[in-house]
Amino acid sequence: MNIVMGNTLSASERVKLRRDVAQLFGDCASGFVFPIKYKYIVEESAAAGVAVLFSVPKRLHKRANKRNLLRRRMRESYRLSKEALVAVAESRGLAIKIAFIYVSKEELTYKAIDDAIVNILAEIQERC
RNA sequence: GAGCAUAUGCGCUCCAUCGCUGCCACCUGCGGGUGGGGGAGGAAAGUCCGAGCAACAUAGAGCACCGCGCAAGUUAACGGCUUGAUAUCCGUAAGGGUAUAGUAGCGUAGAAGAAAAUAACCGCCCGAAAGGGUAAGGGUGAGAAGGCGGGGUAAGAGCCCACCGCGAGGGUAGUGAUACUCCUCGGCUGUGCGUCUCGUGGGUUGCAAGACCGCGUAUACCGACAAUCAAGGGCUGCUCGUCCAAUGUCGGGGGGUAGGUUGCUGGAGGCUACGGGUGACCGUAGUCGUAGAUAAAUGAUGGAGGCUCUCUCUUCGGAUAGAGUACAGAACUCGGCUUAUAGCGUAUGCAAAACU
RNA sequence: GCCCAGGUGGCGAAAUGGUAGACGCGCUCGUUUCAGGUGCGAGUGCUUAACGGCGUGUAGGUUCGAGUCCUAUCCUGGGCA
């Protein structure tokens, strides 16, 4: 069980259900590290693990290819730095769901996005 | 050479590391793992047209409404495309843009102007005057009653004549739009827009269509309606027609689910050769296998190299440095159109000015 | 993915193809008051010394004339099983 490879990120680690998405975009804990707003839910569960969701508003970035690029950068960064949080979740038997929402009008580089993601993961880890 | 026009092609490459998602094979403790091999575009975009496909009746009739409107061709189809015709505008040119069904009747046209269509303000003529005749001259306007000359007249006027223009019929050429140093006839005519008429196309809704499985449940309850007429409903703006029929239909009202499979990619398919055609395109033969995700894959980071521009140096071969490397991401599938696009080509054509 | 609606002063908006900005709010000036408010009167797109020129999201087109009609484009908002 729980053979999570070091750097993979498969579809099973994504928030998919309509109910969960609605919950994340509704009332729940949130925070902000430029340029990313994040919302998350922590609950005790038998199926411990971390599920995530990445989003870029159409309002801020008109062209689909730019939204794709930013979303991929976020996803890539999360993939490379998620290990610590996943370990914590599994050891304490917590199911964590996180939504990352890109809220800048600027098109930032991978480095800037990576810094933000790392900080967010640290914050979440502290709070739960 | 550079420039311009038309048509058309391409639109970054390689390596390393770490990943994503279908397919195939094998392994498995059924969670998954390993290996192999696929994985964005010319516009995938806008959603502006035309089709396929699906449901509603195997989609029927009339009205309303909307689109289109030169000719011939092309096509599954089209409002697209091709080749032509006429008019007009832009350009030195090659070439490009726009328009073109009909008009009998009706409506309408601010300001200006005498008057915007059965014209008389000034002027001219007749007349004592009242009044009448007159579209040659004036100014207004986008548009003013075919043009110019001659005859004619009180003054004038297609009132008459020649020429030009226009319209009708014929002839010739062309499949046709149309054309003409052709013939005959007619004294001929304001312009725009709308309405209207004619032809032609469109039933409506769209893959969130639709089908199956699973979960859940309730044949809950209330109301309306029928076997003759009729009412109601069947995704339509109206009418007709047609179909449905109590284990029924519709409305109210409350409850449940919102997951999976399928539709889903082999199609009016691409490429090559030959043949037909001015061309769009068509025919024959060969050959190729080419994305199917679903809160949504096709990527990230680092390095090297192309290409373009600029600066400096130069032994004119090139070298160093810097900057740039576009527009953009499949969402059922095709055919077009439109719009965005850094750069780099290829073919054919043009010649006024300026530069070398 | 599909289908709709709308863009006019600083704001909300009106305008049959015929002098763009009616009307309301706001703002400015004057007046009334010891002062402020209220009330009353006038003004209020940009540019120019003036004459004029430009101006209805943007770019074209039709027309004598376009906020209005047509085409393309940009922006804003809404709907869906």
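In which sense do β1 and β2 pair, and over how many bridges? β1 and β2 pair in the antiparallel sense, over 5 bridges; two strands count as paired if DSSP finds at least two bridges between them. The model is predicted: local features need pLDDT of at least 70, side-chain atom pairs count only at pLDDT 80 or more, and totals for chains, interfaces and linings use all residues. Residues are numbered from 1 along each chain as its sequence is written, while chains are lettered from A and ligands numbered from 1 in the order in which they are written.

Chain A has 4 helices and 4 strands. Helices (H or I, at least four residues) and strands (E, at least two) are DSSP runs, numbered from the N terminus. Read from the N terminus on, the elements of chain A follow the order α-β-β-β-α-α-β-α.

The sheet comes next. Its 4 strands form an open sheet in the order β1-β2-β4-β3, and the pairing is mixed. β1 (29–33) and β3 are the edge strands, each pairing on one side only. From one strand to the next, the twist averages 20°. Axes here are lines fitted to C-alpha atoms, for helices over the stretch in contact, and angles run from 0 to 180 degrees between N-to-C directions. Strands of a sheet pair through backbone hydrogen bonds, either parallel or antiparallel.

β1 and β2 form a hairpin with 2 residues between them. Pro35 is found in the loop between these strands, and the peptide bond from Phe34 to Pro35 is cis, with omega near 0°. In general, most peptide bonds are trans.

Now the helices. Helix α2 (residues 64–81) has 18 residues, which should span 26 Å at 1.5 Å a residue, and its end C-alpha atoms are 26 Å apart, which agrees. The expected span is 1.5 Å times one less than the number of residues. The buried residues of α2 are Leu70, Arg73, Met74, Ser77 and Tyr78. Seen down the axis of α2, these buried residues fall within an arc of 130°, so they line one face of the helix; the arc is that of the directions from the helix axis to the C-beta atoms. A residue is buried if 20 or more other C-beta atoms lie within 10 Å of its own, exposed if 12 or fewer, and partly exposed in between, with C-beta atoms placed from the backbone. On the other side of α2, Ala64, Asn65, Asn68 and Arg72 are exposed. The cover over the buried residues of α2 includes β3 (49–55), β4 (94–102) and α4 (110–127). Leu80 is also found in α2. With 14 other C-beta atoms within 10 Å, Leu80 is partly exposed. Leu80 and Thr8 are 72 residues apart in sequence, yet their C-alpha atoms are 8.3 Å apart in space.

Helix α3 (residues 83–92) lies across β3 and β4 and runs at about 140° to β3.

α4 has 18 residues and reaches 26 Å from its first C-alpha to its last, close to the 26 Å expected at 1.5 Å a residue. Buried in α4 are Ile113, Ala116, Ile117, Ile120, Leu121 and Ile124. They cover an arc of only 135° around the axis, which puts them on the same side of α4. On the other side of α4, Lys111 and Glu126 are exposed. β1, β2, α2, α3 and β4 are among what covers the buried residues of α4. Leaving aside neighbours within four places in sequence, Ile120 is in contact with Gly31, Val33, Ile36 and Tyr38; contact requires C-beta atoms, placed from the backbone, to lie within 7 Å.

The core draws these elements together. The largest nonpolar core has 25 residues, of which Ile36, Tyr38, Met74, Ile98, Phe100, Ile117 and Ile120 touch the most other members. Such a core is a set of buried Ala, Val, Leu, Ile, Met, Phe, Trp, Tyr and Cys residues joined through C-beta atoms within 7 Å. The elements that give two or more residues to this core are β2, β3, α2, α3, β4 and α4.

Over chain A, buried residues make up 24% of the 128 residues. Of the contacts in chain A with a separation of 6 or more, 83% are between residues 24 or more positions apart.

Notes. Two residues are in contact if their C-beta atoms, placed from the backbone, lie within 7 Å.
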